[in-house]
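Morning, everyone. Let me put the model up, and then we'll go through the contacts.

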Amino acid sequence: MDPATLIGIGAALAAVFGSMILEGSSPMAIFLPAPLMLVFIGTIGAAVAGGVLPDAKALPKLIKLALTAKVAPPDRSVEILVKLAERARREGLLALEDDVANIEDPFLKRALEMAVDGTDSAAVAEILGAEVDTKRDSDRRGAKVMQDMGGFAPTIGIIGTVIGLIHVLGNLAEPAELGAEIASAFVATLWGVLSANLFWFPMGNRLRRISDMECAQMDLAIEGVLAIQDGSNPRLVEQKLHSLLPPVEQSKKEVA
Amino acid sequence: MDPATLIGIGAALAAVFGSMILEGSSPMAIFLPAPLMLVFIGTIGAAVAGGVLPDAKALPKLIKLALTAKVAPPDRSVEILVKLAERARREGLLALEDDVANIEDPFLKRALEMAVDGTDSAAVAEILGAEVDTKRDSDRRGAKVMQDMGGFAPTIGIIGTVIGLIHVLGNLAEPAELGAEIASAFVATLWGVLSANLFWFPMGNRLRRISDMECAQMDLAIEGVLAIQDGSNPRLVEQKLHSLLPPVEQSKKEVA
Amino acid sequence: MDPATLIGIGAALAAVFGSMILEGSSPMAIFLPAPLMLVFIGTIGAAVAGGVLPDAKALPKLIKLALTAKVAPPDRSVEILVKLAERARREGLLALEDDVANIEDPFLKRALEMAVDGTDSAAVAEILGAEVDTKRDSDRRGAKVMQDMGGFAPTIGIIGTVIGLIHVLGNLAEPAELGAEIASAFVATLWGVLSANLFWFPMGNRLRRISDMECAQMDLAIEGVLAIQDGSNPRLVEQKLHSLLPPVEQSKKEVA
Amino acid sequence: MDPATLIGIGAALAAVFGSMILEGSSPMAIFLPAPLMLVFIGTIGAAVAGGVLPDAKALPKLIKLALTAKVAPPDRSVEILVKLAERARREGLLALEDDVANIEDPFLKRALEMAVDGTDSAAVAEILGAEVDTKRDSDRRGAKVMQDMGGFAPTIGIIGTVIGLIHVLGNLAEPAELGAEIASAFVATLWGVLSANLFWFPMGNRLRRISDMECAQMDLAIEGVLAIQDGSNPRLVEQKLHSLLPPVEQSKKEVA
Amino acid sequence: MDPATLIGIGAALAAVFGSMILEGSSPMAIFLPAPLMLVFIGTIGAAVAGGVLPDAKALPKLIKLALTAKVAPPDRSVEILVKLAERARREGLLALEDDVANIEDPFLKRALEMAVDGTDSAAVAEILGAEVDTKRDSDRRGAKVMQDMGGFAPTIGIIGTVIGLIHVLGNLAEPAELGAEIASAFVATLWGVLSANLFWFPMGNRLRRISDMECAQMDLAIEGVLAIQDGSNPRLVEQKLHSLLPPVEQSKKEVA
């Protein structure tokens, strides 16, 4: 599990509550049921309304994915593919059958099975490429739902604050409670802005980032399998796959 | 009918009115004729002004579509197309004539009729592809009208609030009614923000989502019919169409 | 003339002034010379400054076009082109010479003249396609000027309000007129927001919409003329052009 | 020199100061050294920080270009190119050598020199096309710097206002000067919004507009020279270049 | 080292603190621990939460790169490549082996080594092109993290201000400290807006600018090596590479 999201959100929440304590106010002052209910149910309701029922059902899974996703380092795949390319060159494509059984990454496994089964390489490229494209579209839709929630939350918070102010202005006769009532009206804006910037936008960015990494991994697998099918020189396969790694992974490699 | 939009908007409205009741204010306080008229007629007027008359007439249909649309699950189409591919391979394209009559999806039916009629496959791809493109453009225009309304509504609400404040400031002589008058000035902003985030933006997102699903369905039908016309191996047709399904549908399939 | 823009702006203005009357304030209260001058001259000045002199001179024509444009229904063109395709197939391209003289749409007329004159079909496609592209670019620039004005207006309105508040704050000695002076400071924001959302943004959207319809019409004419030049089967020409019509026009056709 | 930017900014500034005078406040009230220094140095500093040193040095040249640029009308180039096409067809490419010497536009001159020198037409297209692309990228970067400044200015103005308000709130003991101090705090916001909407955004739009016109001119020159090199029919060259002119220039031509 | 970012940020900070001193307030008034902690830790936390752990670890390196990056002038590469093209034409590709050893730019060196080693020119183009693409994607992700921080910072500042105001409104009983407390609430907004506009946005722009320059340099190296491999005429190589230089570098060249 990659803990960046939990660490980041944890640090930001600590900063929020720490600054409250530093200023002498109680963190509990912002846990009021009315604004919490309005902001979270309102935001989720607006997001659900913008899709179809299966999208709504996928929402908890998306949140869990954003918080706890794990992505395999891409240099592992390069290593595996170069070894397979060497073997395929020496012993032929069919010799890979045993190695394929031991591969963990399900997409790479399926790609190699298609190649070993003798599927035409244009069909391999088309079918697997289409799969990456539909996965990317589907992932981006998920990330966009989170981004949309980040857009809805602050404005729904403003709805809560306006509702609160309208209530206050209609009861100006009791000036003693005015301050506390205005304060509680602002709590809705606080939760709207806080949930957008500490939860929804970061989770949306994270879903997009994970999807980009997974799709890059899949593109790398396709490139590698096609090169193996073509019987390319393993050194060239390595250079080619190496060029698809982000610079950080490349320099690690060079150091190694 | 997919109820996500009705459920989402219902939940969000319940959160708004529930939080009002929790805070002790009456939900009826925000149903004032002047701001309601200003925000809704102003928003719709601005949207109508940005198009041509037929666009304006299509608006009620768009709203109904966003609220009650129904989309067929794409895996049904894959099943049908694979069966047809098997039959076409065994008995020839003409043998599909009877099956075509029983197909419900009008676009798939028309695509198959063109194939059975012997239309050149390049022409089938061009004509049906152009149809999907014009449908997509037209749907996006509809979704964009809703998005634009989501942009107009809060600012038109601000117009109402500024008008209200100007009125209040011109009558400072009667301080007793000041609070209630400022409160009613804010109601316009409330309706502007509320209608944008609970009605127009979600409906715009929903129209876009439904259109994407329908166009993906149509693209899948085109791919399938072209593969049948080419006499492709039914197993390859299945893999190809399968790769066009979003990941959720794919895993359902794999489980089955 | 398509009256959607006049109807939409009229309805929205009626909502603004109607809500003022409902609240008991006089619509004349917002017709103050200083903010009107600031917002409208300021907005137009900022727009003029962002282009060259001919752009500035074209501005009144753009506004008139947005308010009163008229677009021919695209299904008329399909009908004409299919008839010409039938005749050209029976009697040859030269037989179209008389029909061409009677065509009203100047772009379609010129396209057919080029075809009848024997211009190479690749040159016809290139020259007419480039013409559509330059028209589209030029139209979008016009629409973007209006969109930019919609962006400038509210912020220039804020300039007016800040100027007004600075003036008020410098004269706190006369508290009796304070309310009226703050009110008149807000009138600049009102006109900024109102002109952006009721005039500039809708007009920009409208210019874009009209341009898209005209360019689609021209693309349809090019497709049709090229198909006639190629001697395509008239039924196929009809299907092809039909696939370029937006869904609304298509279903009208099917009903007919 | 095209005066649109000077006229537009002049008119907008006149509207700002005119509305101040109409409201009875002195235009000098907003010329305070602290906010002026903060907004202009802050905005330019943020822009300089976002590039490299040569970008910073190019800034004054960009501002001068935006204010005083001059663009030649594109129909002149069409005329020249058609005449050259006629001559090249009659007397051969080499006969253009004398005419080339008299051409003012340096890009067109260089393009013709390459053609007369016998450079391969694919190389002419590639080299000159790459030059237009790098110019376009470079120009857009310049325009984007101005757009970024338009984004920085209002928020830096807000920094000034917040600083001012913090100062005021720390000195509530002297209520007599409160009004004047709050007023001067708002002057920073005023200059931020004013400089963004009256200077930076219009200049950014203008730089983009001029660049688009110059690049279109260069594309037209390339198209024309390539057509001359191919020995195209001068009438076709005219139609082709004509199709690249914006509609306004076209209709002028047709009237003539 | 290119000092533009340090100069720009320094000038902007000087303007901020200078304007504070000019207005008679102490710059130390805004160095309060609670808002500083909230804004900086909150912003960085939100950014970290949107990526994976390696992204978080790369953040300090990104900030250092933005502040101190150095980019070699592209005209040096052109000179080197033209000389190599001349030599390769006279003495053959293998004669470049010694020159390659002396080249400083590691990317150009590797590109030339591949060419001298006899790698197929299509493979050279594909492998090196993919490397530039992955570098560009990776750099843009880094720049986008800074841009996102620029978006988070002001809203997290607003969280701090709302927290402060809620605290103030809950303690209206002590009016003597009210002013100072509201002032300190605004300090959070100040740091949010200041850090976004003076640190994060300029650094994001700078990272993008540097990446564009480096990628352009790499593209130029690829173009040059491919032209040398093709045995192109050195004068044509020079013209071609020259056309890839931004206009400023070009005119320097022409003057020289």
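Which residues does Gln229(D) touch, not counting residues up to four places away in sequence? They are Leu93(D), Ala115(D), Thr119(D), Asp120(D), Ser121(D) and Val124(D). Contact here means heavy atoms within 4.5 Å. Gln229(D) sits in helix H8 of chain D, residues 178-229. Helices are DSSP runs of H or I with at least four residues, strands are runs of E with at least two, and both are numbered from the N terminus. Gln229(D) has a relative accessible area of 19%, so it counts as buried. The cut-offs are under 20% for buried, over 50% for exposed, and partly exposed in between, with a 1.4 Å probe and protein chains only.

Some ground rules. This is a predicted model, where local features need pLDDT of at least 70 and side-chain atom pairs count only at pLDDT 80 or more, while totals for chains, interfaces and linings use all residues. Residues are numbered from 1 along each chain as its sequence is written, chains are lettered from A and ligands numbered from 1 in the order in which they are written, and side-chain values use heavy atoms, with hydrogens and water left out.

Now the interfaces. Start with chain A and chain B. Chain A puts 42 residues into the contact, and chain B puts in 46. Interface size is often quoted as the accessible area lost when the parts come together. Between chain A and chain B, about 3700 Å² is buried, and carbon and sulfur atoms give 72% of that. Buried area is the accessible area, with a 1.4 Å probe, that two parts lose on being put together, summed over both.

What about charge? The rule finds 2 salt bridges across the interface of chain A and chain B. A salt bridge needs a side-chain nitrogen of Lys or Arg within 4 Å of a carboxyl oxygen of Asp or Glu. Asp55(A) pairs with Arg209(B) in a salt bridge, with the closest N and O atoms 2.7 Å apart. There are also 11 residue pairs in polar contact between chain A and chain B, both residues at pLDDT 80 or more. A polar contact is a pair of N or O atoms within 3.5 Å; within protein, one must be able to donate a hydrogen and the other to accept it, and residues adjacent in sequence count only if both atoms are side-chain atoms.

On the chain A side, the elements giving two or more residues are helices H2 (33-49), H3 (53-68) and H7 (121-169). H7(A) gives the most, with 22 residues. That side of chain A divides into 23 nonpolar, 11 polar and 8 charged residues. Nonpolar covers Ala, Val, Leu, Ile, Met, Phe, Trp, Tyr, Cys and Pro; charged covers Asp, Glu, Lys and Arg; the others, Gly among them, are polar.

Next, chain E against chain A. Here 41 residues of chain E contact 45 residues of chain A. Chain E and chain A bury about 3700 Å², with 72% on carbon and sulfur atoms. The count is 2 salt bridges. Asp55(E) meets Arg209(A) in a salt bridge at 2.7 Å, N to O. Polar contacts between chain E and chain A come to 10 residue pairs, both at pLDDT 80 or more.

Which chains do not touch? Chain B and chain E do not, with nearest C-alpha atoms 17 Å apart. Chain C and chain E do not touch either, and their nearest C-alpha atoms are 17 Å apart.

Last topic: salt bridges inside chains. The whole structure has 65 salt bridges over all chains. Arg87(A) bridges to Asp99(A) at 2.9 Å. Arg87(A) is in helix H4 (74-91) and Asp99(A) in helix H5 (97-101), so the pair ties together parts 12 residues apart in sequence. Arg87(A) is partly exposed at 27%, and Asp99(A) is partly exposed at 23%. Arg87(A), Arg90(A), Glu91(A) and Asp99(A) are linked in a network of salt bridges.

In chain C, Arg206(C) bridges to Asp2(C) at 2.9 Å. Arg206(C) lies in helix H8 (178-229) and Asp2(C) in the segment before helix H1 (4-22), so this pair ties together parts 204 residues apart in sequence. Arg206(C) is buried at 0% relative accessibility, and Asp2(C) is buried at 12%.
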